[in-house]
Amino acid sequence: MAIGSPFTAEHELFRKTVRDFAEKELLPHQEKWELERAYPKEIFKKAADLGFLGITFPEAVGGSGLDAWFKVVFCEEIVRCRMAGLAMDLMVQADIATPVLNALGTQAQKEEFLIPALKGEKIAALGVTEPGCGSDVANLQTRAEAQGDDYVINGAKTYITNGGQADFITLAVRTGDEGHKGISLVLFPTATKGFAVGKKLEKLGNHSSNTALLFFEDCRIPKKYLLGEENLGFTYIMKNFQGERLVAAISSYASADLALQDAIQYTRERKAFGRRVLDFQVWQHKFAELKTQIEAARRLTYHAVTLFNAGQECTTEISMAKLFAGDLAQRVAYECMQAHGGAGYMAEYDISRYFRDIRLITIGAGTSEIMKEIIAKRLGF
Ligand SMILES: Cc1cc2nc3c(=O)[nH]c(=O)nc-3n(C[C@H](O)[C@H](O)[C@H](O)COP(=O)(O)OP(=O)(O)OC[C@H]3O[C@@H](n4cnc5c(N)ncnc54)[C@H](O)[C@@H]3O)c2cc1C
């Protein structure tokens with residue numbers, strides 16, 4: 001293990017496996033899958049077979065029981081498929097829709113939903129955001145009314161990643177009064193009568209990702225699909241957000257680093273005024289500064305991972321990592337596209353896709369404003 005690095009030889013071996021998967025199995029299909037706004041579902045199975053979906057999950061549910069640094073490695077390397085959309089879909093499956101199921105699920109729930117998800121046989125989504133509320137989770141209106149042994153669900157969810165291809169949704173619903181105390185989490189099989197997927201949502205970027213508007217009309221599910229306790233859903237969602245935000249922070253600095261490498265490569269080859277663009281000191285300094293900030297984002301995130309891994313309360317550190325890495329990734333996108341000149345504006349250069357894709361990172365999984373709200377509250381304001 002190199003001094004100051006959390007990664008062992010095993011982590012590095014795993015890094016190579018993920019990198020090979022991203023560069024050899026996914027990247028060659030990039031153009032087609034981005035254009036078609038879809039990819040084969042078998043990707044989930046392939047990822048599962050390589051152990052990517054259950055990295056930190058216990059072996060009892062089909063996971064590998066590995067430490068969180070393997071997860072960091074996965075997130076750092078999967079961005080090399082250069083499709084933030086597809087990478088995000090895999091992360092939703094492994095890090096966003098399923099950890100809460102592992103933490104709170106009954107044995108029967110794990111057998112029906114979690115184990116097949118980690119095998120890549122069932123696709124999972126997390127449904128929190130609604131047409132009327134996103135940041136303000138406590139205000140969600142999709143209602144699950146208790147009727148005998150069932151819940152009857154009515155409402156809508158939007159911008160749901162994997163939503164149009166999911167077999168089940170870890171769904172936030174209102175089971176009680178208005179406000180954060182009346183929310184529950186249920187496991188919702190999408191084969192349920194009354195469930196419908198709206199028309200495909202066209203997005204600025206993340207084109208390969210499956211993002212959907214979902215409708216629930218008198219959908220009846222058994223109460224045994226309740227996760228944890230009724231009306232404690234808000235707390236569960238907030239806890240679950242921590243893992244999601246860590247993954248977002250890692251994706252931010254890792255993809256920013258890739259974009260920077262692209263810009264350095266481009267300016268090394270591109271000539272202007274009889275010199276390589278990289279020979280202009282302005283670009284050398286710009287890249288030096290960006291690299292410094294990427295390393296700062298990486299180290300801030302590693303610090304949060306260390307605390308998270310140790311089971312310590314680290315909401316502040318995770319919020320800071322997501323805020324800093326997410327905002328930085330926007331700057332990297334802007335500067336690295338600028339370094340490409342007109343070529344950067346062309347679809348054939350990866351930097352233009354990165355520029356579009358990365359815009360999501362300060363919006364999804366809690367906006368930068370919400371990260372600042374969380375940090376400010378913890379500063380006692
Ligand atoms: C491609 C994509 C994929 C997504 N995937 C999922 C998914 O899988 N599951 C899911 O549940 N959701 C998903 N989302 C939704 C995402 O989490 C929300 O878009 C996000 O939380 C913001 O909510 P909103 O869009 O309703 O914006 P709003 O909450 O309406 O915010 C609008 C603006 O107001 C600001 N704002 C809000 N509150 C405050 C405040 N207190 N102080 C200052 N400013 C504030 C926001 O920061 C933002 O700038 C996805 C979104 C996108 C675009």
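The following legends describe close-up views of one predicted model.

Residues are numbered from 1 along each chain as its sequence is written. Because the model is predicted, local features need pLDDT of at least 70 and side-chain atom pairs count only at pLDDT 80 or more, while totals for chains, interfaces and linings use all residues.

**View 1. The chain is assigned three domains.** Domain 1 covers 9-118, domain 2 covers 124-231 and domain 3 covers 235-378; such bounds come from an automatic or database domain assignment. The centres of domain 2 and domain 3, taken over C-alpha atoms, are separated by 30 Å. Ten residues from domain 2 and nine residues from domain 3 form the contact, where two residues are in contact if their C-beta atoms, placed from the backbone, lie within 7 Å.

**View 2. The ligand lies between domain 2 and domain 3.** Both domains give residues to the shell around the ligand, so it lies between them. Of the 24 residues around the ligand, those that come nearest are Val128, Gly134, Ser135, Thr367 and Glu369; a residue is near a molecule or strand if its C-beta atom, placed from the backbone, lies within 6 Å of it. Strand 1 (124-127), strand 3 (150-161) and helix 12 (368-378) each give two or more residues to this shell. Helices (H or I, at least four residues) and strands (E, at least two) are DSSP runs, numbered from the N terminus.

**View 3. Helix 4 (residues 68-78) is mostly covered.** Ten of the eleven residues of helix 4 are buried, among them Trp69, Phe70, Lys71 and Glu76. A residue is buried if 20 or more other C-beta atoms lie within 10 Å of its own, exposed if 12 or fewer, and partly exposed in between, with C-beta atoms placed from the backbone. The cover over these buried residues includes helix 1 (9-26), helix 5 (84-96), helix 8 and helix 9 (281-309).

**View 4. Strand 2 (residues 143-147) and strand 3 run antiparallel.** Five bridges join the two strands; strands pair if DSSP finds at least two bridges between them. Glu145 has Val152 in strand 3 as its bridge partner. The hairpin has two residues between the strands, and Gly148 takes a positive phi near 60° there.
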